[in-house]
Amino acid sequence: MALVIFIVTIVVLFTQNEKSEAVDTGTRAINLFDDSARVNEKTPALNEPFIYGQQKIQGVNIGGWLVIEPFITPSLFDQFPQSAKVIDEWTLCEKLGPEEARKQLKAHYDSFIVEEDFKKISKMGLNHVRIPVGHWAIETEPTEPYVAKLSWEYLLKGIQWARKYGIRVMVELHTAPGSQNGWNHSGKEGVIQWLNGTHGSENANRTLSIVQTMTNFFSDPKWSNVVPLFGVLNEPFMPYLSDPSVVKNWYQKSYDTIRSGTNAPGPFLSYHDGFLGLPDWEGYFKNYDRTMLEAHMYLIFDQGLVSMSREDQSNFPCTAWRSSIIQSTNATALTMVGEFSLATNDCAKYLNGVGKGTRYDGTLDPNHPESACPGCTCVGSEDWKSWTKEYKSFLSSFVQHQMDAYESGVGWFFWTYKTEGHNNPHWDYLLGWEQGWIPSDPSNRNFSCKTANVKMFNSVYQN
């Protein structure tokens, strides 16, 4: 009941604030829930059907905004010496204390993403955004240092900006109480305490309540057109658990909870593959309605892929991932790539965590000091202003081959829209779009999987 009261209160305040900002309309009242906008001529208006599986998602993640990630906004972590062990949102809020944490995060929410960003996205030829949000947007326990509920206000603000420009939103629960994967972007780095350990079941039940609250809210007709897709939980790390089937059981519980509690038909639901691989899910979703399987495709966590030639890396999405997506779509469920990037190494600052090294140059794990290749170094790799025309051509072919391969399924979301000061350029869609190695319109591509085996470095890239 407390969660419902909180959300209703926020919506009322939000609506009142929006009305107060738009009083002087001259001749007509503004409908805050007008869904007549369309982002571009090839995409239906929000109040018209978008048929997943026939029409392709071409989207971008709004990462690092409502869930803090060190590699996206490193300045929030650079204010402390690394000896302070501020490594995730939990320790950031803990170190700052409640008042200063709220102050700094509010300033971040206000400045990192603004309406102008959604306007730019509308010009990129994209049709969706995926907005990750932490469980603390809905509720926290007294023992959790997170800034409670503030990010929910900004989530609604972002959705309203998306509505204005006709962009559909996938709201995605990026964190679970106790951490579903032990990585910093789950809110708390360290031991997984979701479906694991003393409070594992308790944390899993809290997560069920949170996803039910969120999906109930976005099933309301005021929001259902602009938020037609909901990501139930980001990247639960199933291989860590002694019995990965407990996560599959939780998926079933979450599906039953959501579908029994929402107004019909409710949002499309996306379930991550849990790093088991797409084939492991064959047959699982046969009794699920309006559901898709989500995978995140990255080269950088496999030394064999990192050490391949650039041409082989560029072709790999077409020669390997495309076929697995087609097989999954045919045998399991609609399959969507929720995250991918331009990175072919893990050199981005803080990508592996604050104070950690990289696989690429062999500094991540002292017990395995081997680099990805003889002489591999991260020095200068993120200095995009010094990149050669040939390298930009490679990036252009690599990203377009990925887009093409992933559209053999439901479509894709690039991770991420931008990084602070473009400090990690392989993960920065805005920078690539502005500089030309990401296409100005993803529907008008110069590279495709049909030509993936053709030598490509006499490229059309002219910047």
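Visitor: How do the residues of the lining of the largest cavity divide into nonpolar, polar and charged?

Guide: This is a predicted model, in which local features need pLDDT of at least 70, side-chain atom pairs count only at pLDDT 80 or more, and totals for chains, interfaces and linings use all residues. Residues are numbered from 1 along each chain as its sequence is written, and side-chain values use heavy atoms, without hydrogens and water. With Ala, Val, Leu, Ile, Met, Phe, Trp, Tyr, Cys and Pro counted as nonpolar, Asp, Glu, Lys and Arg as charged and the others as polar, the lining divides into seven nonpolar, one polar and no charged.

Visitor: Which class describes the ring pair of phenylalanine 316 and tryptophan 321?

Guide: Rings of Phe, Tyr and Trp (its six-membered ring) pair if their centres lie within 6.5 Å; planes under 30 degrees apart count as stacked, over 60 as edge-to-face and the rest as tilted. Here the centres are 5.1 Å apart and the planes stand at 85°, so the pair is edge-to-face.

Visitor: Is phenylalanine 316 buried or exposed?

Guide: Buried means under 20% relative accessible area and exposed over 50%, with partly exposed in between (1.4 Å probe, protein chains only). Phenylalanine 316 has 17% relative accessibility, so the residue counts as buried.

Visitor: Which strands hold phenylalanine 340 and phenylalanine 414?

Guide: These two residues form an edge-to-face pair, 5.2 Å centre to centre with 80° between the planes. Strands are DSSP runs of at least two residues, numbered from the N terminus. Phenylalanine 340 lies in strand E7 and phenylalanine 414 in strand E8.

Technical notes
Helices (H or I, at least four residues) and strands (E, at least two) are DSSP runs, numbered from the N terminus.
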